[in-house]
Amino acid sequence: VAARRRGRGDAARGPLSRRYLATRHDAATGLVLQALAGYGGLRCYLSVIRGLSGVAGVLTTSARKVVTLVLSFVLFSKPFTAQHAAALLLLFVGVGISLRAKHRKPR
């Protein structure tokens with residue numbers, strides 16, 4: 001019984017407890033901003049799907065990931081190695097094969 005009470009007490013003092021958020025206004029503000037950004041992103045994603053198509057939604061999320069990676073290399077100086085170049089080459093070859101297969105006339 002004491003172990004159960006101790007377990008509940010630890011959870012009540014965790015980083016998302018009311019007491020912690022009441023004393024750390026920066027954490028509470030960050031949590032609210034993250035929730036609002038997530039909600040806004042989801043609304044945008046669903047409006048893309050509703051207005052265009054599911055494929056457009058997938059392309060949008062993929063483009064977002066590519067932009068995030070590019071910004072990561074631009075903002076935080078990282079070495080661009082031969083492995084990065086090989087991965088980009090494979091990516092473009094895969095996209096090219098996919099596009100060619102879609103635009104190919106059936107025999």
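Phe 76 lies in the loop between α4 and α5 (82–103). In this predicted model, Phe 76 has a relative accessibility of 56% and therefore counts as exposed, the cut-off for that class being over 50%. Phe 76 also contributes to a nonpolar surface patch of about 690 Å², together with Val 66, Val 67, Val 70, Leu 71, Val 74 and Leu 75.

Helix α4 itself spans residues 54–75, 22 residues in total. The distance from its first C-alpha to its last is 31 Å, close to the 32 Å expected at 1.5 Å a residue. The buried residues of α4 are Ala 56, Gly 57 and Ser 72. These three residues lie on the same side of α4, because they cover an arc of only 160° around the axis. The buried residues of α4 pack against α3 (25–51). On the other side of α4, the residues Val 55, Leu 59, Leu 69 and Val 74 are exposed. Of these, Val 74 is also one of the residues that make the nonpolar patch.

The protein has 107 residues, of which 7% are buried. Its accessible surface comes to about 9600 Å², and carbon and sulfur atoms account for 68% of that area.

Key:
Residues are numbered from 1 along each chain as its sequence is written. This is a predicted model: local features need pLDDT of at least 70, side-chain atom pairs count only at pLDDT 80 or more; totals for chains, interfaces and linings use all residues. Side-chain values use heavy atoms; hydrogens and water are left out. Helices (H or I, at least four residues) and strands (E, at least two) are DSSP runs, numbered from the N terminus. The expected span of a helix is 1.5 Å times one less than its number of residues. Buried means under 20% relative accessible area, exposed over 50%, partly exposed in between (1.4 Å probe, protein chains only). The arc is that of the directions from the helix axis to the C-beta atoms. Contact means heavy atoms within 4.5 Å. Patches are made of residues with over 30% relative accessible area and no salt bridge: like charges are joined within 9 Å, nonpolar side chains (Val, Leu, Ile, Met, Phe, Trp, Tyr) within 5 Å. Accessible areas come from the Shrake-Rupley method with a 1.4 Å probe; for residues, only the protein chains shown count as cover. A salt bridge is a side-chain nitrogen of Lys or Arg within 4 Å of a carboxyl oxygen of Asp or Glu.
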